[in-house]
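Dear colleague,

Please find below the structure that I am handing over to you. My notes on the side chains follow it.

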Amino acid sequence: MAESAACPAFQLGRPRYDQTSFLGRLRHFIDIIDPSTLFVSEKRLKECIKILDDYKHGTLPPEVSADQLWEAQKIKQAIIHPDTGEKIFMPFRMSGYVPFGTPIVIGLLLPNQTVMSTIIWQPTPTSKFLQGYVGAVTSAVSIAVGLNVLIQKANKLSPSTRMIIQRFVPFPAVASANICNVALMRHNELSEGIDVLDNNGTVVGSSKIAARHAIMETAFTRVVLPMPIFVLPPIIMSYLERLRFLQRNRRLLLPIHSVVCLVTFGLSLPVAISLFPQMSQIEVSRLEPEIAMATDCRVLTYNKGL
């Protein structure tokens, strides 16, 4: 199977696109969050797994193309947990992040939020780690409710100005929740470190400094992610609501608002998670002395996580 610009030679377990460039990472994550994989049948999934097994054992039929192999790997990685080998529950897949998360985004961005609706629309737990969830939701609810109370008490603001400002409340709330979630879920890495790998993929040691870089990069991504989601729809809707057509047909506001949120969410997610490579690199000179002494490599690699 020859390599081409359109379809590179297949590499089992490796990304299809170059991860050293932002564009390559963007194309990679667009594949990962592709919602079409949510509708893959059990028969199709088994076919993909068999194709990859045949490739691994050298029994792949010659008519199977590199493009078919990449597609099979994409489907398997989207559905099957890499550690357990079990199917991931649909809402918890990366491909389910946008379709299942959009209703929450719409709920958070609805106008005329009350304190109770702000609390209700906070995301439900998607992780088995209760500590991270409780900390994240507590910080989000505290900030959202506090800002809503301040806005309601701002008597000098006109009703229209108050409504516009209120629509931006979810962003600081969700951003702080995301940072809190990352810190609580991964605080053990700061004390125990994460694996750093040499050019051959061999673990050189466990680095607390690399862990700090990984957590900071992930936290920054989690701040950038909700920025366009919670900033652009309020701006877009504030203009659309002035149109005479929508003023005469108020029942269309919610469907249009939903579409705006869905499109923004779908575009923002791959852009945000593409900012840093998942397998990031760090110079050995910046790591702990014992790690620097254990390798001749000048640069080591660590898994940043998502």
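**Salt bridges**

E47 and R44 are 3 residues apart in helix α2, so about one helical turn separates them. The two form a salt bridge, in which the closest N and O atoms are 3.9 Å apart. E47 is partly exposed, with a relative accessible area of 36%, and R44 is partly exposed as well, at 29%. Please keep in mind throughout that this is a predicted model.

A search of the whole structure finds 6 salt bridges. Side chains of opposite charge can pair when their charged atoms come close. Another of these bridges joins the side chains of E42 and K87, at 3.0 Å from N to O. This pair links distant parts of the chain, since E42 is in helix α2 and K87 is in the loop between α3 and α4, 45 residues apart. E42 has a relative accessibility of 40% and therefore counts as partly exposed; K87, with a relative accessible area of 45%, is also partly exposed.

K74 forms a salt bridge with D31, and here the closest N and O atoms are 3.5 Å apart. K74 lies in helix α3 (residues 66-79) and D31 in helix α1, so the pair ties together parts of the chain that are 43 residues apart in sequence. The relative accessible area of K74 is 15%, which is under the 20% limit, so K74 is buried. D31, in contrast, counts as partly exposed, at 21% relative accessibility. D31, D34 and K74 are linked in a network of salt bridges.

**Aromatic side chains**

The structure holds 3 aromatic pairs. In one of them, the rings of F10 and Y55 have their centres 4.9 Å apart and their planes at 85°, so the pair is edge-to-face. F10 is buried, with a relative accessible area of 7%, while Y55 is partly exposed, at 27%.

A further pair is made by F220 and F276, whose ring centres are 6.0 Å apart; their planes stand at 75°, so this pair is edge-to-face. F220 lies in helix α10 (residues 208-224) and F276 in the loop between α13 (253-273) and β3 (279-283), so the contact ties together parts that are 56 residues apart in sequence. F220 is partly exposed, with a relative accessible area of 46%, and F276 is partly exposed at 23%.

F10 and Y55 also belong, with W70, to one aromatic cluster. Elsewhere, R242 lies over the face of Y239, at 5.1 Å from the ring centre.

**Surface patch and cysteines**

Which residues form a nonpolar patch on the surface? They are F89, M90, F92 and F100, and together they have about 410 Å² of accessible area. F100 is found in helix α4 (residues 97-109) and counts as partly exposed, at 38% relative accessibility.

Regarding the cysteines, C48 counts as buried at 0% relative accessibility, and C261 counts as buried at 1%. The count of disulfides, taken as pairs of cysteine sulfur atoms within 2.5 Å, comes to 0.

With kind regards

How values were computed. Residues numbered from 1 in each chain as written. Predicted model: local features only at pLDDT ≥ 70, side-chain atom pairs only at ≥ 80, totals over all residues. Heavy atoms only, no water. Buried < 20%, exposed > 50% of the residue type's maximum accessible area, 1.4 Å probe, protein only. Patch = residues over 30% accessible without salt bridge, like charges linked within 9 Å, V, L, I, M, F, W, Y side chains within 5 Å. Areas by Shrake-Rupley, 256 points an atom, 1.4 Å probe, with all protein chains shown as cover. Salt bridge = Lys/Arg side-chain N within 4 Å of Asp/Glu carboxyl O. Helix = DSSP H or I, 4+ residues; strand = E, 2+ residues; numbered from the N terminus. Phe/Tyr/Trp six-rings, centres within 6.5 Å; stacked < 30°, edge-to-face > 60°. Lys NZ or Arg CZ within 6 Å of the ring centre and 35° of its normal.
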